[in-house]
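Student: I am new to this structure and would like a close look at a single part of it. Please take me through that part in one connected answer.

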Amino acid sequence: MTRGGRATGWDARLSARLLATGCAAVLSLAVAACGDDDGDAGADQQITIGLITKQETNPYWVTMREVAEQTAEEHNVQLLTAAGKSDVDNESQVAALQYMSARDAAGILIAPADSEAVVPAIEEAREEGVTVIAVDTPTEPRSAVDALFATDNRQAGELIGRYARAKAEAQDIQPRVAMLELAPDITSGELRHDGFLEGLGLEEGDPRIVGSVNTEGDRAKGRRGMEQLLEGNPDINIVYAVNEPAAFGAAAALEAAGKDEGDVILVTVDGGCDAIKRGIRPGVMDATAQQYPENMAREGVRALVDAARGGEEPSGYLNTGVELITGNPVEAVESRNTAFGVRNCWG
Amino acid sequence: MATASAVPAVPKRARARLVYPQLTVPFILLVLCFAAWGTAANLTDVMVGVFRSIFDMSNLQAALVQFSYYGAYFLLAIPAAFINRRFGYKVGVLTGLGLAALGGLLFVPASELLVYEFFLLALFVLAAGLSILETSANPFVIAMGPENTATQRLNLAQAFNPVGANIGVLLGAVLILPHITPEASKTIMSPDELRRSQEADLSLVLGPYLGIALVLVIIWLLIFYRKMPTPAEKSQEAGEVKSGTLTRLWRNRHYRYGVGAQFFNVAAQVSVWTFTILYAQDVVGVPPGDSGWYLQASLILFLVARFAMTYLLGIFRPAKLLFLMGALGVVFCLIAMFSQNMVGLIAVVAISLSLSLMFPTIYGVALQGLGEDTKFGAAGLVMAILGGALIPLIHAALMDQVGAAFGFIVPGVCLALVTCYALFDLRTNRDADELVAEVPA
């Protein structure tokens, strides 16, 4: 279960049957004992904490789980992990919250699939004395959890916006901007959008923004959306993609339209290994704002363990970091090279 | 200074002995020295990536580690020969051990000050000591037994050098690399937290070097308090250059180009081993904790291949095998440059297969037919270690500009030049004047 076979204790996947409430048969729950099973850890009482991610297959969540397991092992605590079957599977997350609370988890890290719908279950857990930290995605309202450890999505958007602006100025081009968005009313997408426009120096509704489409962060939809935008605006020279799958879709559409890599400035957000190695390094994409799920997991586990051992209770917001990664740096914007991106990518 | 009368009497029945009986313990102690400098040298290969991470600096700045290390080796080779000649091997060995131990201990104040340049100084002192130690220990070992077993004795002692080299990488792979603060974690640290993480990481570096210093001090004490009948060196002393030697060597193209080939061979070897870990991390994305194992694999391959090459050298003409392995090394470098994934990393590891035969083969080909000029000629070939100090800096500077993968064009060019040397030797007959030294005066 744990990376490199580090788990020292029992390491078993509990089937959905164990989630006795039966409300989420699809929930996969993993339990990794990362400490001494026999409780022979000095005077420490065995501490149990939990991590609930949105799904199990996306490398972003896999990285988060692996780092959480590793950190739990380092701190000699037991970690329960669970994930839904998709990015919108709230039901499974609610079941996991109930299960982990019943297992006397001192604290839980959760990446809410539905920022509002999950709140009652979180409140129930907190009433039972469980410390809850939202990771990656905030709850609505934010005060529903003790703390939020997440990327500053607005900062991420702003970084790539500033980069696109500096590069456009260096190339002396007049911006014709295409926006490949996530979907309506999704906070992370909205924050990235706002930050990008701010960094680029454009107001909402500026005529230089030639069009926008919702991609749901999907590659195929990103390609179709880009093709649509190119039909009416073949002179597009700056493309904002809300995430890397959408950026890959955009790149494919641009290539099919006969655009060279140097013709269009393509920027995006995430920092996954696939995009760094096959997008940024060969120049298919110009820049990405890399976020760090490993920091969310590491800092989250540490905060919960500290609190469980009598330390400070986590509160407020922790920015888990974002760095601009590019193979073609511009003077005006601080950035990291692709080697840094490869070393710190997820997936 | 050792005198002829200090040479132990050799009983007739003991002629086939490896070591004179009264020198068995000193011989074992010297064998430990061979392992010690192997450990230190290859731990330094790991340090380039470690210092880059701790001090968040460029590859070129990090590669100054190798410049300090091999620069010291180069600069101290001649003073070491002088110490041996003037004061004898035991003093040479003790001076080397003492200086190297001091270098290891200098890591303590360096860790306190958190200044990179101080670490470079510590490495310089450590390497300076090891250079003196190596220069003293090799002829000392040769003189520790009968002449007819000298090669066997030296081979046995030198066999412990790669053992030490593997231990050096192992120390880095197990004790340092997996525990270094993750880079991503540093992106959200305050200046105070960053400083604390630097201190924690440097304490990891400190451990192995203090361990090496401790071992060196113990060996120093054992040698210092051990009565050693120090045998005199029978061979030509450094500095006693016969008249016309330099001219003859310079006119000998096989030797002259051989020195160049050795320079580029050492350069390629140090470059490849220094940047294997960085290739794994920067190109493939191997986590730091796992990256050291690829350098370990390189050294093991190098060791195993060396035995295989020894066998093959008995079948094929050395220059032919050198040509083949040099060309293969170039191919591996090209794969590393253009296949930027696990295949490229495997190619980087495989370069060690090519490197395995090069040093002794170039040595032999370049010195062939030098006769009484051989001793002085050999010193020139050893000085080619300067390649290990200079070329990795070019490799690192190129990495900063074009990335870790394309940086491998540097060892690629080095190996291509070695290949050209092999081709030159294969296609050129040795002139009569190049063999003149073989004619008894």
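Student: Which strands of chain A does helix α6 (residues 219–232) lie across, and at about what angle does the helix run to β9(A)?

Tutor: The model is a predicted one. In chain A, helix α6 (residues 219–232) lies across β8 (177–181), β9 and β10, and runs at about 155 degrees to β9(A).

These strands belong to an open sheet of six strands in chain A, in the order β9-β8-β10-β11-β12-β14. The pairing in this sheet is mixed. In general, strands of a sheet pair through backbone hydrogen bonds, either parallel or antiparallel. At the edges of the sheet in chain A are β9 (209–214) and β14 (322–326), each of which pairs on one side only. On average, neighbouring strands of the sheet are turned by 15 degrees against each other, direction ignored. One of the pairs is formed by β10 (residues 238–241) and β11 (residues 265–270) of chain A, which pair in the parallel sense over three bridges. There, Tyr240(A) stands opposite Val267(A) of β11(A).

The loop between β9 and α6 of chain A holds Glu216(A). Leaving out residues up to four places away in sequence, Glu216(A) touches Leu182(A), Ala183(A) and Lys221(A). Gly300(A) is 84 residues from Glu216(A) along the chain, and the C-alpha atoms of the two are separated by 28 Å.

Helix α6 of chain A is also among the elements against which the buried residues of α7(A) pack; the others are β8, β10, β11, α8 (273–280) and β12 (287–291) of chain A. Ten of the 13 residues of α7(A) are buried, so this helix is largely enclosed by the rest of the structure. The buried residues include Glu244(A), Pro245(A), Phe248(A) and Leu254(A). Helix α7 (residues 244–256) of chain A should span 18 Å at 1.5 Å a residue, and its end C-alpha atoms are 18 Å apart, which agrees. After α7(A) comes Gly258(A), with a positive phi near 85 degrees.

Chain B has 17 helices and zero strands. Its C-alpha atoms fill a box of roughly 70 × 55 × 35 Å along the principal axes. For 441 residues, a compact globule would have a radius of gyration near 22 Å, and the 22 Å of chain B agrees with that. Buried residues are 51% of the 441 residues in chain B.

One helix of chain B can be followed in the same way. Among the buried residues of α8(B) are Leu202(B), Tyr209(B), Ile212(B) and Trp220(B). The buried residues of this helix pack against α1 (24–55), α3 (89–105), α4 (107–113) and α6 (150–176) of chain B.

Where the two chains meet, twelve residues of chain B are in contact with 15 residues of chain A. Helices α7 (183–186) and α10 (253–284) of chain B each supply at least two residues of the side of chain B that touches chain A. That side has five nonpolar, five polar and two charged residues.

Definitions and conventions:
Residues are numbered from 1 along each chain as its sequence is written. Chains are lettered from A and ligands numbered from 1 in the order in which they are written. This is a predicted model: local features need pLDDT of at least 70, side-chain atom pairs count only at pLDDT 80 or more; totals for chains, interfaces and linings use all residues. Two residues are in contact if their C-beta atoms, placed from the backbone, lie within 7 Å. Helices (H or I, at least four residues) and strands (E, at least two) are DSSP runs, numbered from the N terminus. Ala, Val, Leu, Ile, Met, Phe, Trp, Tyr, Cys and Pro count as nonpolar, Asp, Glu, Lys and Arg as charged, and the others, Gly among them, as polar. Two strands pair if DSSP finds at least two bridges between them. Axes are lines fitted to C-alpha atoms, for helices over the stretch in contact, and angles run from 0 to 180 degrees between N-to-C directions. The radius of gyration is taken over C-alpha atoms; the globule rule is 2.2 Å times the number of residues to the power 0.38. A residue is buried if 20 or more other C-beta atoms lie within 10 Å of its own, exposed if 12 or fewer, and partly exposed in between; C-beta atoms are placed from the backbone. The expected span of a helix is 1.5 Å times one less than its number of residues.
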